[in-house]
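Some questions and answers on local contacts and sheet layout follow.

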Amino acid sequence: MRKLIENVIEVICELYRVFFSMKNSKNHVLFSFLTIYLSLLVHEISGADSSTYVPLDNHLLNCGSTSELKDTDGRKWEGDNSKFAPSVKNTLTSRAATQDPAVAEVPYMTARIFTSNFTYSIPAVGNGRISVRLHFYPASYDGRNASNAIFSVSSGGYTLLKNFSVLQTAQALHVSFIVKEFSVNVGSGRVNITFTPSLNYTNSYAFVNGIEVISMPDIYSSDAQAQIVGQGQGIFYSISNATALAKVVRLNVGGKEISPVEDTGLFRSWSDDSSYIYAAQLGVTNSANPSMKIKYDPRVPPYAAPESVYLTARTMGPSPDVNKNYNLTWLFSVDPGFFYLVRLHFCEIQSVITKSNQRVFKIFLNNQTVADQADVVSWTGSIGNGIAVFKDYVVNVPKGEGQRDLWLELHPNTATNPNYYDAILNGLEIFKLSDPGTGNLAGPNPIPAPVQKVIEPSDLSKSEKSANRAGIIAGGVIGGVLLYVLFV
């Protein structure tokens with residue numbers, strides 16, 4: 001079934017490429033009818049598998065390469081030739097000088113380098129939201145210093161990145177490569193992505209290793225509108241088609257990492273949440289009975305998150321006395337001066353929780369109460385478990401210097417006398433929302449931690465050596481944990 005759908009989509013895309021180059025208006029009319037017919041056919045034959053979204057546009061560009069190659073997930077990446085760029089003048093292609101063991105060959109070992117403004121123009125069959133993912137590996141290309149790669153990226157009136165340093169960001173986050181993901185609205189039949197080397201730095205250049213342009217359903221614009229945290233009841237933030245989003249984090253809470261090919265057709269990556277847990281109280285992880293089949297609240301499209309997100313969870317643990325005395329807490333580092341959409345995914349998967357008021361808890365965002373009596377079974381309006389639902393909230397992070405903390409905390413609500421003093425979370429997504437006036441999504445580069453001075457043993461007495469060793473070890477561990485939590 002899925003293969004049939006993919007074949008139909010390939011036909012649509014090929015027709016689009018052919019007819020787009022023709023100037024005859026009759027050809028364009030014919031193409032429009034063909035597109036509508038084939039799109040309806042896709043919709044019809046995909047009805048039996050509504051949990052999987054099949055994108056009309058699915059372009060994977062292996063930048064700097066002329067060959068079609070598969071990545072480790074088996075996805076095909078094509079070379080970024082002139083089909084996607086009106087001109088390749090003032091650009092270079094190069095292989096990375098080195099390869100980190102954690103970095104895949106595709107799409108990270110080749111890059112296209114820009115010494116002046118350069119625009120990719122990628123065809124989009126359907127209008128609406130498009131997911132754009134930019135892949136970067138901070139290495140030397142064409143003999144250039146990786147620290148000079150400082151540049152901006154824009155698309156359709158939105159500033160996605162500004163004076164962005166891949167090397168500095170990777171060092172601060174302690175990662176080998178960077179993926180920047182955005183959701184933008186397209187109405188012109190083309191997705192234009194412009195790279196601009198920074199004018200503020202000598203010898204600056206831009207580069208990119210891989211680009212994904214994938215159509216997506218509008219699952220983040222809010223028909224019901226999202227409550228703005230700390231603004232009182234009835235104050236909402238409307239996420240419209242004009243709002244662009246930048247992914248901050250996407251977590252499979254209590255479960256393992258989910259790869260793009262394991263997603264619901266949107267090719268999203270879902271990370272393990274354990275590195276974002278604050279303090280030593282990790283709670284416990286739970287998995288549903290293998291026989292459980294996830295059902296979806298009518299307001300939740302089945303492709304909003306994979307079933308595997310809803311089949312695992314993190315709860316506080318079996319001891320009510322312990323749970324009453326701590327908050328299950330996650331900590332995230334975000335840019336100041338933006339609104340953030342926080343989407344919390346819930347599903348009761350424990351067999352003992354089937355009715356309202358069995359597990360009731362409070363939800364706090366940045367020390368503000370957003371839900372005083374969170375009750376997943378009550379939210380679904382049904383008796384029973386295994387029903388997926390999500391809740392959206394918008395957090396305003398004021399302007400300021402440096403990155404800020406965004407806190408999420410859960411705590412049992414004992415006032416309603418529930419059966420269990422506990423809380424639950426299955427999944428979490430956080431997105432930065434574009435500035436309504438300027439379309440800006442860019443924030444500052446994160447600052448890497450300072451390199452600790454190495455003290456020569458010969459400079460210390462025996463007692464000083466012992467004390468200093470303990471201090472260095474403790475400081476290194478604490479500093480490392482804090483940086484990981486703050487920047488990953």
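Q: With which residues is T110 in contact, leaving aside its neighbours within four places in sequence?
A: The model is predicted: local features need pLDDT of at least 70, side-chain atom pairs count only at pLDDT 80 or more, and totals for chains, interfaces and linings use all residues. Residues are numbered from 1 along each chain as its sequence is written, and side-chain values use heavy atoms, with hydrogens and water left out. Contact means heavy atoms within 4.5 Å. On that basis the partners of T110 are N62, C63, G64, S65, S94, R95, V208 and N209.

Q: Is T110 buried or exposed?
A: T110 is found in strand 5 (residues 110-114); strands are DSSP runs of E, at least two residues, and helices are runs of H or I, at least four, both numbered from the N terminus. Buried means under 20% relative accessible area, exposed over 50%, and partly exposed in between (1.4 Å probe, protein chains only). Because its relative accessibility is 11%, T110 counts as buried.

Q: How does S319 count by relative accessibility?
A: S319 lies in the loop between strand 20 (312-315) and helix 6 (320-323). Its relative accessibility is 29%, so S319 counts as partly exposed.

Q: In which order do the four strands form the open sheet?
A: Two strands pair if DSSP finds at least two bridges between them. Strand 8 (residues 150-155) and strand 11 (residues 190-197) pair in the antiparallel sense over four bridges, and F151 has P197 of strand 11 as its bridge partner. The pairing in the sheet is antiparallel, and the order is 6-11-8-9.
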